[in-house]
Amino acid sequence: MFYDQNLAIRYPKGPFAMWSVYSFTGASILASIVFSLLLFLSIDDDPLMQFLFGGLAIIFELGKFFAWYEVGERHARRNYSGMIFALGFYAVLAAISIGGSVGGINSATNKAQSHVALHQSKVNAFDMQIAAIDKQIELNNVAAEKYIQMERIATGVVRIQNENKRLREEQQKLAVQRDSLPLAEQGSVVGLIDSLASFLHTSPHTAQLGLVVFLSILLDFFAAFFVGLIGEENRFRHQYRHMKPITIDSFTSGEMKEPEMLSHFTPTINSEFDGTAFNEPNKTPYERVIEALSTQEVMCSKRAVIKQLKLKPDEVDVIFTQLFNEGIVSKKANNHFQWHGL
């Protein structure tokens with residue numbers, strides 16, 4: 001019979017929760033890789049260079065998340081120097097990844113805004129032609145006044161009036177063509193950028209830059225959170241399967257049973273372990289602890305001794321200090337005690 005003080009405080013996550021975690025992690029990592037590829041592939045048009053830069057982007061992304069996973073592993077092992085090194089390596093790769101994501105998202109938003117800019121340029125071209133016709137009509141009217149002053153109405157003014165009539169017809173045709181242009185479909189991202197620019201009282205370019213930086217950092221932290229969650233869950237599952245924690249009250253002769261009432265407990269002389277044997281009033285706490293640890297019925301830990309022998313924590317601290325000074329027990333690297341015997 002053993003006593004395990006590292007009792008599980010929860011059960012491992014179920015299949016649905018783990019599939020959800022893996023799905024979110026894979027989707028976020030894939031999105032981060034795609035956005036980085038958009039930037040790295042635009043560096044050079046040579047297929048060989050695009051292949052090399054694309055592979056570099058994928059290596060950076062996967063290496064970044066593995067470095068973050070290693071941060072959690074080294075922290076769990078209390079290897080703080082190794083954790084700081086892995087954290088610095090992750091910070092460098094994360095900076096490169098965030099920069100690539102910023103460039104990729106910015107390129108995607110610029111492409112969405114290019115359609116709106118193209119439509120606006122067509123409208124501006126029609127407006128310029130209509131304005132030029134208006135200016136030509138004004139010049140013709142000035143010339144008509146000159147002809148009137150010269151009393152050449154029949155020859156000059158009639159010709160100018162016909163010219164103005166033709167120009168107005170052309171102007172109407174241009175206006176109809178301008179108004180018949182298909183409306184540019186404003187995407188949700190472009191609408192969001194315009195709304196942010198109006199709310200922050202800034203230019204759309206500044207609002208776009210702030211939005212892509214925020215989305216890139218959020219995407220990176222989102223993926224890092226789920227990668228750390230997977231690492232923590234794997235460590236917990238490993239501990240849960242190997243520790244198999246049980247309590248003394250529910251363990252008897254290798255079989256699990258329901259805990260019994262104290263009124264149903266009948267001490268027997270031939271029992272393998274009698275809890276009252278260590279609680280005799282004629283023994284000192286030190287002697288009771290020595291006897292309990294010598295029979296190996298109580299694990300060599302302060303918590304187990306306190307619970308089983310009903311001693312005060314201060315008394316147990318003094319007793320274990322004395323046992324340590326006498327060389328009866330020693331401390332492991334994880335600060336747990338190990339019994340060596342008398």
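**View A. Arg235 and its partner Glu73 in a predicted model.** Arg235 is partly exposed at 24% relative accessible area (partly exposed lies between buried, under 20%, and exposed, over 50%, with a 1.4 Å probe and protein chains only). Glu73, at 16%, counts as buried. Their side chains meet in a salt bridge with an N to O distance of 3.0 Å (a side-chain nitrogen of Lys or Arg within 4 Å of a carboxyl oxygen of Asp or Glu). The pair links distant parts of the chain, 162 residues apart: Glu73 sits in helix 2 and Arg235 in helix 6 (residues 204-243). Helices here are DSSP runs of H or I with at least four residues, numbered from the N terminus.

**View B. The network around Glu73 and Arg235.** The structure holds 11 salt bridges.

**View C. Lys64 with Glu61 in helix 2.** Here the closest N and O atoms are 3.1 Å apart. Both residues are buried, Lys64 at 0% and Glu61 at 1%. They are 3 residues apart in helix 2 (residues 47-76), so about one helical turn separates them.

**View D. Arg166 with Glu170 in helix 4.** This salt bridge has its closest N and O atoms 3.7 Å apart. The two residues lie 4 residues apart in helix 4 (residues 153-179), about one turn of the helix. Arg166 is partly exposed at 42%, and Glu170 is partly exposed at 35%.

**Notes for all views.** Residues are numbered from 1 along each chain as its sequence is written, and side-chain values use heavy atoms, leaving out hydrogens and water. In this predicted model, local features need pLDDT of at least 70 and side-chain atom pairs count only at pLDDT 80 or more, while totals for chains, interfaces and linings use all residues.
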